[in-house]
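Hi,

Here is the structure I promised to pass on to you.

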Amino acid sequence: MRSRSYISIYFDDEVPLLEAVRILLDKKETISDVLSPFPVHGLDEALSMKRSRIPVGGFIFGALGAILAFGFQAWVFTVSYPLIIGGKPFFSVPTFIPITFEVTVLFAGLSMVAAFLIRSKLKPDIRFKPFDESITDDRFVILIDASDDRTAFDRVKSLLTGIHTLEIRH
Amino acid sequence: MLQSPLRTPLIEGSKTYRSITSDILNPMMNKAGKFWYMGMTIAGLAMLFGVFMIVWTVWQGIGTWGENRTVGWAFEITTFVWWIGIGHAGTFISAILLLFRQKWRNSINRSAEAMTIFAVICAALFPLIHLGRPLLTFFIFPYPNTRGLWVNFNSPLVWDVFAISTYFTISLVFWYVGLIPDIGTLRDKISKGLKKTIYNFLSFGWKGSARDWHRHEITSVMLAAIATPLVLSVHSIVSMDFASSIVPGWHTTIFPPYFVAGAIFSGFAMVQTLLIITRKAMGLEDFITESHVENMNKILIATGSIVALAYMTEMFMAWYSGVEYEHYAFMNRATGPYWWAYMIMICCNVVSSQLLWIKKLRKSLLFTFILSIVINIGMWFERFVIIVTSLHRDYLTSSWTMYKPTIVEFGLLIGTLGIFFTAFLLFIRIFPVISIFEVKSILKTGDEHIHKTDVSHEK
């Protein structure tokens, strides 16, 4: 983040933040990122963010888990080591259901969490420096990339004159 | 964005985002009080006692317990099922109430989830030591071995292994995913030192970016969606440990829903016990309000009534089945040598929870606190009644016998209570007990006017 230069616009609440996002996008400014202490509702649509495909990944891995678990139990009881237990058939589908279900949930859950961490680039890192330490408390920030655009600062400032901003920094 | 002015706010006092952060973090960042050290000492001693009894059991063998050839399952399986049951409320609150958009859950989900994790750890100890040789626990997992043997996938005991380990794993990651943004808050509140480095490490580099929040929300909702059937499946599978046998008193189809209702019942009771203490000790009265306690009490009435209905259904079905063994098992349960356990179960679970229909009692914190402990005693006895009274007199009259627990078995129960409370006390000092970002998202100071009218309507 440090190598490029950003305009950061600070807010103390979600309402002016959302208004500012709408104005900036109307005037064709490109917003690099919006940082907030909690998920702001309506921001996803305002930024016209594409819906995450994490659930799709979860479904695929869940299905994989289901097939693996069911297939493994079926293979164990029909091919690898068929054993008569209480006179029941070797291939007894109902008794395979609970484990199949559990493994499905396990695979789906872990894969979605893994996808979330990887896509958001979240990993344990002791050298991590937050952009601003007040964001996780009560500050909302819009970041605009202004590395190649010297006029952006004044332009953004004039666009947001009617909005309750705390500070606009370059 | 709009909040209905007819509803009372979910948290009390006029809060800002900043004051929410400090109100939740200050009690855990300040020096721990006398109360905390006292609790820690008691819990620690209980834990040590339990560890000693575990070592004693493993060293001497399970002959140190009161179990005999007829009653092969008793105190330990009772306690195992009891802990698993307690572990159900956390995921119920965080998953099912999330799907039903019950926003009041935002103040209690974090601690309830932590409670789930600790309760499952305590529960998992029991099958382990019940094996007698805990070092051979890996036998219950299907792993390739030189004998070419696999585990018996037809057995509910094996399903249990999968259900509980999945439940534990999913609860743990669900809890941690919810913790990441709040650890970020903690990291930014601590100025420097080793603590900051550790929290920085644990926060996974959380930035609070809009895209990350989007993925975070989707992941949480999806985890809730898959954890909902999971939480129902776990206790159903635990109940099948009993229901799939032919022992009279166990062999009933009502067990899965009956056990799940009982689990949520006892789990909410434990949440009440813990939260009423925590809110007082940490000064979180504005976040965990009387209406939270009342809402949970309503769930207690609902699940308590389902449990009562299940007791009656069991009795009715035993009579209606026309099977004399079933007749005897249930007559013996209510009027046999363990009648006192049955009475404790009925009084603590059925009678006491029905008192919550009275609004005054439902809103009283002291009453709720006492009731929550009573319910958990009752729920322990429910499992004891189901397990011991069914086993001690079954088909073979020549094998009839009585079961009496030994000091070692009490030690194991006390020990797991010690582990549970030690873990919970450490948790409230290490991580925020209330989900900060979720509470902020329901504050809605954005619309000052509506927020103010809201407060004026409150009284």
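A word on terms before anything else: the domain bounds I quote come from an automatic or database domain assignment. Please also keep in mind that this is a predicted model.

With that in place, chain A is assigned domain 1 (6-37 + 135-169) and domain 2 (54-119). Between the C-alpha centres of domain 1 of chain A and domain 2 of chain A there are 48 Å.

Chain A also has some strand pairing to look at. Strand β1 (residues 6-11) of chain A runs antiparallel to strand β3 (residues 140-145) of chain A, and six bridges join them. Strand β2 (residues 31-35) of chain A is antiparallel to β3(A) too, with four bridges. Which residue of β3(A) is the bridge partner of A:Y10? That is A:V141, and A:V141 also stands opposite A:L35.

Now to chain B, which has 17 helices and zero strands. Its C-alpha atoms fill a box of roughly 75 × 55 × 40 Å along the principal axes. How does the radius of gyration of chain B fit a compact globule? For 459 residues, such a globule would have a value near 23 Å, and chain B has 23 Å, so the two agree. Buried residues account for 48% of the 459 residues in chain B. If we take the contacts in chain B between residues at least 6 apart in sequence, 83% of them join residues at least 24 apart.

At 1.5 Å a residue, its 22 residues should span 32 Å, and because its end C-alpha atoms are 32 Å apart, expectation and model agree. α5(B) is mostly covered, with 17 of its 22 residues buried. After α5(B) comes B:G132, which has a positive phi, near 85°.

Finally, the two chains touch: 52 residues of chain B are in contact with 57 residues of chain A. On the chain B side, at least two residues each come from α1 (17-29), α6 (156-189), α7 (194-202), α8 (210-243) and α16 (436-441). Which of the helices gives the most to this side of chain B? α8(B) does, with 16 residues. Sorted by class, the side of chain B that touches chain A has 23 nonpolar, 21 polar and eight charged residues.

Happy browsing, and do write back with any thoughts.

Best wishes

Conventions
Residues are numbered from 1 along each chain as its sequence is written. Chains are lettered from A and ligands numbered from 1 in the order in which they are written. This is a predicted model: local features need pLDDT of at least 70, side-chain atom pairs count only at pLDDT 80 or more; totals for chains, interfaces and linings use all residues. The radius of gyration is taken over C-alpha atoms; the globule rule is 2.2 Å times the number of residues to the power 0.38. A residue is buried if 20 or more other C-beta atoms lie within 10 Å of its own, exposed if 12 or fewer, and partly exposed in between; C-beta atoms are placed from the backbone. Two residues are in contact if their C-beta atoms, placed from the backbone, lie within 7 Å. Ala, Val, Leu, Ile, Met, Phe, Trp, Tyr, Cys and Pro count as nonpolar, Asp, Glu, Lys and Arg as charged, and the others, Gly among them, as polar. The expected span of a helix is 1.5 Å times one less than its number of residues. Two strands pair if DSSP finds at least two bridges between them.
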